[in-house]
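Please have the structure open while you read.

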Amino acid sequence: MTDSADDERFMARAIEISRRHAGLTDTNPSVGCVIVKHGEIIAEAVTAIGGRPHAERQALEIAGEAARGATAYVTLEPCSHFGRTPPCANALVDFGVARVVVAVDDPDERVSGRGYEILRNAGIAVETGLLRRESERELAGYLTRKLKKRSHVILKIAVSSDGMIGRIGQGQVAITGPEARRAVHELRARCDAILVGIRTAIADDPELTVRLPGLEQRSPVRFVLDRRLELPLSSKLVKTARDVATVAAVVPPVENDEAFASRRQVLEAAGVEVLQAPTLEAFLMALGDRGMSELLVEGGAFAARAFLDAGLVDRILLFESPIIVGEGGLESPLARADIHEEFTFVGETAYGPDRCFEFERPF
């Protein structure tokens with residue numbers, strides 16, 4: 001038997017393992033599974049890259065016969081539907097696991113309690129909700145796409161000590177240091193999509209790619225809020241559109257406009273997709289339909305304010321830097337004092353001289 005402290009320790013380990021393949025499991029969530037017997041971990045696994053096989057099946061195969069009578073700690077309810085492989089709930093039964101501890105219920109209509117039913121019908125003890133909030137944080141993209149039918153929105157803003165995000169007419173201005181910038185590139189690598197507003201795209205001419213050694217192939221799909229299709233053909237985004245997917249998001253749509261139609265034709269010929277949606281929420285739902293779980297809104301006061309005003313921001317990463325921008329600065333659309341009370345403060349992380357304050361909207 002294990003006590004509550006042991007249960008939390010093993011579940012925390014499962015959550016830690018689940019982070020290994022965040023952003024690499026296609027439309028499936030990155031789940032962690034730890035199998036414990038006589039107080040010792042005998043197997044652990046994470047959902048495989050591409051989404052299959054699932055964590056539970058891999059961990060069970062590692063444990064083999066030793067899984068009989070063991071406890072499995074899983075960050076998400078074991079699946080109960082047949083896909084390319086049999087359900088994980090059935091595998092836990094077949095391997096003779098005695099107890100299953102789960103952090104988060106799966107809202108997928110094909111599962112949603114059925115996994116627990118299979119386990120309990122086989123006489124397996126099932127306990128749920130352990131470290132639920134911590135696991136929900138890791139599964140936020142998947143849960144938002146399933147529950148709200150849209151992508152999970154992460155808003156990242158870097159602010160100087162005098163409350164600025166840049167300087168007028170000077171393109172990109174380095175607000176944060178190399179440690180914080182590395183953290184942002186790691187975040188990009190786990191997100192499905194990244195977005196900036198057209199003003200930022202024109203002023204900064206960003207690449208919006210992942211530029212860390214070994215992670216270059218994990219650049220997200222790049223979106224620009226660009227209702228009038230002003231994205232320059234000379235921009236880095238357009239020039240690399242055939243290498244890294246690039247989309248001009250037209251929200252709300254434009255109809256019966258010859259100039260717009262002409263610009264659309266030119267951009268599409270250059271490899272840029274044009275996506276029209278009536279509202280930002282509809283835009284996010286379109287991304288959800290494409291299996292995109294997480295959208296990183298990274299650039300521009302206009303884009304940040306648009307998502308905030310629409311109530312569509314789920315997580316805020318506010319990087320604060322000690323540098324001073326001074327005269328001619330672009331004021332940040334958000335400061336810690338402005339963050340709405342519906343957001344919960346999660347924590348503070350130091351990146352060299354910079355600090356990142358994280359807030360999230362509960363499900």
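Predicted model: local features only at pLDDT ≥ 70, side-chain atom pairs only at ≥ 80, totals over all residues.

1. Residues are numbered from 1 along each chain as its sequence is written, and side-chain values use heavy atoms, with hydrogens and water left out.

2. The chain has twelve helices and 16 strands. These are DSSP runs numbered from the N terminus: helices are H or I with at least four residues, strands are E with at least two.

3. For 363 residues, a compact globule would have a radius of gyration near 21 Å, and the 23 Å of the chain agrees with this. The radius is taken over C-alpha atoms, and the globule rule is 2.2 Å times the number of residues to the power 0.38. Along the principal axes, the C-alpha atoms fill a box of roughly 65 × 45 × 40 Å.

4. Of the 363 residues, 51% count as buried, that is, under 20% relative accessible area with a 1.4 Å probe, protein chains only.

5. Contact means heavy atoms within 4.5 Å. Among contacts between residues at least 6 apart in sequence, 74% join residues at least 24 apart.

6. Is Thr200 buried or exposed? Thr200 is buried, because its relative accessible area is 14%. Neighbours within four places in sequence aside, Thr200 is in contact with Asp205, Pro206, Gly299 and Gly300.

Definitions and conventions
Buried < 20%, exposed > 50% of the residue type's maximum accessible area, 1.4 Å probe, protein only.
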